[in-house]
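Visitor: I've got a model open and I'd like to learn how to read it. Can you walk me through?

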Amino acid sequence: MESREFPAEAPSKDLLRFLTCGSVDDGKSTLIGRLLHDSKLIFEDQLSALAADSKRHGTTGDGIDLALLVDGLEAEREQGITIDVAYRIFSTQRRSFIVADTPGHEQYTRNMATGASTADLAVLLVDARKGVLAQTRRHSLICSLLGIRHVVLAVNKIDLVSYQSDAFARIVDEYQDFAEELGFSSIVPIPISARRGDNVMNVSDNTPWYRGPSLLDHLETIDVTGDTVGDPFRFPVQWVNRPNLDFRGYAGTVASGTINVGDPVAVANSGKISRVKELLTADGARTCVHAGDAITITLADELDIARGDLLASPESPPEVSDQFAAHVIWMSDQQLMPGRSYLVRMGTRTTPVTVTAIKYKIDVNTREHLAARTLGLNDIAFCNLSTDMPVAFDPYRQNRRTGSFIVIDRTTNHTLGAGMIAFGLRRASNVHWQVTLVGKSDRAAQKHQKPAIIWLTGLSGAGKSTIANIVERRLHSDGHHTMMLDGDNLRHGLNRDLGFTEVDRVENIRRAGETAKLLVDAGLIVLCSFISPYRSERDMVRRLVSDGEFIEVFVDTPVDECARRDPKGLYAKAKAGKIKNFTGFDAPYEPPVTPEIHLQTIGHQPEQLADLIVKKLAALGIV
């Protein structure tokens, strides 16, 4: 067997990270297979296996299907598409490469964004027969937002249009018109045939009208150096290493810049400054480290530093804010809802986040700014976000490592979206919390009670308001200071502008929760009666107050019984099609998983159920 290995000097060569992207069936996997094959980086047994796989799964007749070198998943081979991001490494005499083959199908745009997040250059493939498509534009926009500044417009399958120069020119003109405002530093159009090899490794005689470089020649020679070493020092703390009382080190990877032993370093959030005592690596102590180095830093002073903190240069500090504007790429079938609480991971820090406003959604075809109340799968928008605590960041265009984030579902831990920070919001630095001389504990002590939110949730007609009214009357009779918030009552005033769509329901509970929190701060026991169909919003209200101050009461009444009672006639209207988005009918209700109080209403009178609540409140020390 002939052995083909990487050149021994490859690891020390200049490295280019690039991705292939574009619409489905534009030939991305075939192009990478061609580069690997013609670079003689495939072993003989791999070629034999490839030949066998080509007969079984291939799309090239009796020939070898080079795409199968990359499309390794069985589902991909059966469908003839790329699903996951496939990374391949190869090397030539002049340069080493890491290439990401990203999916073309629209539902896998999230995978494309993953590949683009670390790439220096994008090879954007366009089928010469089809021209520029919506997915071509979407991938170009994502590349631009993710900081890629160099694009190769690879017009593939040029052989299938008989190597016509006018077909190539037409596509180039259309793409350059579209990409004019995307901020790319270079766009290099190359006509290629990935299957036949035209203009891939060498300039082809089949395109005598083309005067540019081959794809490989361009990849070997383009300068894409992003000077992260010259950028301000940034070090996200991944782990605090404390093996004993005599050692405290902060482990992680240098995101940008350079640091030396003895240099000053600041904790971004607190502003505390110390000096670097040691720089430790797997190979021993160093006097200087650079971007990309995995290290442990020890400091001359004992500072309060934890995982998620960002160490930075005191002379060029990052922004620190709890509100910022960012481009968001939404990657989930679950819609983004302004006002809903998610998690955001920025570097090594994870913290709750809320999208406070969708400023506009971007039309991928025209780049037009569109109004939007929610975001769906593959939508791209410019949003305002608010975190529960201040976070340190740089604008994404200045630092891709400290200016990016992902959005995570609080319940499932699934990644929902990715974001690129544009700037911090001035309101975050101009609005400050006013400390009051009289606090919640003072107000509660005056009333001789423990303030709390008693949150009754359940379907319409379950009996929430009836039970809450009885509980409040009994607490009031016993001398307790209470307030009742009812969903219908708030919709007559504070929430009168809200409807019953999912996004309006989220905002309805957000406002109700903030109101209830203010009343708890006043020292009151607040009874809240809301359908509140989504767990995430109920959990959001729980997090607004201290532990033990949110008591969730599940008023558990089957939907058939609620419909039989139908005290407001709403179920009848829903069945007649007169009410849309009615909970339990054509909108979901997510019952509590572990409520503090679970009331089974069938067979019990409201007074009995109210007694159960009062007894539980007494056991919890609230009354």
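Guide: Let's begin with a definition: a contact means heavy atoms within 4.5 Å. Keep in mind that this is a predicted model. Among contacts between residues at least 6 apart in sequence, 72% join residues at least 24 apart.

Visitor: What does the secondary structure of the protein come to?

Guide: There are 16 helices and 28 strands. The protein has 623 residues, and 53% of them count as buried. As for accessible surface, the total is about 28,700 Å², with 49% belonging to carbon and sulfur atoms.

Visitor: How do I read a sheet?

Guide: The general idea is that strands of a sheet pair through backbone hydrogen bonds, either parallel or antiparallel. Here, take the open sheet formed by five strands in the order 25-26-24-27-28, where the pairing is parallel.

Visitor: Which strands stand at the edges?

Guide: Strand 25 (482-486) and strand 28 (597-600) do; each has a single partner strand, so one side of each is left without a neighbour in the sheet. On average, neighbouring strands of this sheet are turned by 15° against each other, direction ignored.

Visitor: Over how many bridges do strand 25 and strand 26 pair?

Guide: Five, in the parallel sense, with strand 26 covering residues 525-529.

Visitor: What lies across strand 24, strand 27 and strand 28?

Guide: That's helix 16 (residues 606-619). Strand 24 spans 452-457 and strand 27 spans 550-556. Relative to strand 28, helix 16 runs at about 165°.

Visitor: Now strand 4. Is it buried or exposed?

Guide: For this one you need the cut-off: buried means under 20% relative accessible area. In strand 4 (residues 121-127), seven of the seven residues are buried, so the strand is largely enclosed by the rest of the structure. Both faces are covered: Leu121, Val123, Leu125 and Asp127 are buried on one side, and Ala122, Leu124 and Val126 on the other.

Visitor: Which strands pair with strand 4?

Guide: Strand 1 (residues 15-22) runs parallel to strand 4 and is joined to it by five bridges. In that pairing, Thr20 has Val123 as its bridge partner. Strand 5 (residues 150-156) also pairs with strand 4 in the parallel sense, over seven bridges. There, Leu124 stands opposite Leu153.

Visitor: What unit do strand 4, helix 5 and strand 5 make?

Guide: A right-handed β-α-β unit. Trace strand 4 into helix 5 (residues 134-145), then on to strand 5, and you've followed the whole unit.

Terms used: Residues numbered from 1 in each chain as written. Predicted model: local features only at pLDDT ≥ 70, side-chain atom pairs only at ≥ 80, totals over all residues. Heavy atoms only, no water. Pairing = 2+ DSSP bridges. Helix = DSSP H or I, 4+ residues; strand = E, 2+ residues; numbered from the N terminus. Axes fitted to C-alpha atoms, helices over the stretch in contact; angles between N-to-C directions. Buried < 20%, exposed > 50% of the residue type's maximum accessible area, 1.4 Å probe, protein only. Areas by Shrake-Rupley, 256 points an atom, 1.4 Å probe, with all protein chains shown as cover. Right-handed = clockwise from strand over helix to strand, strands pointing away.
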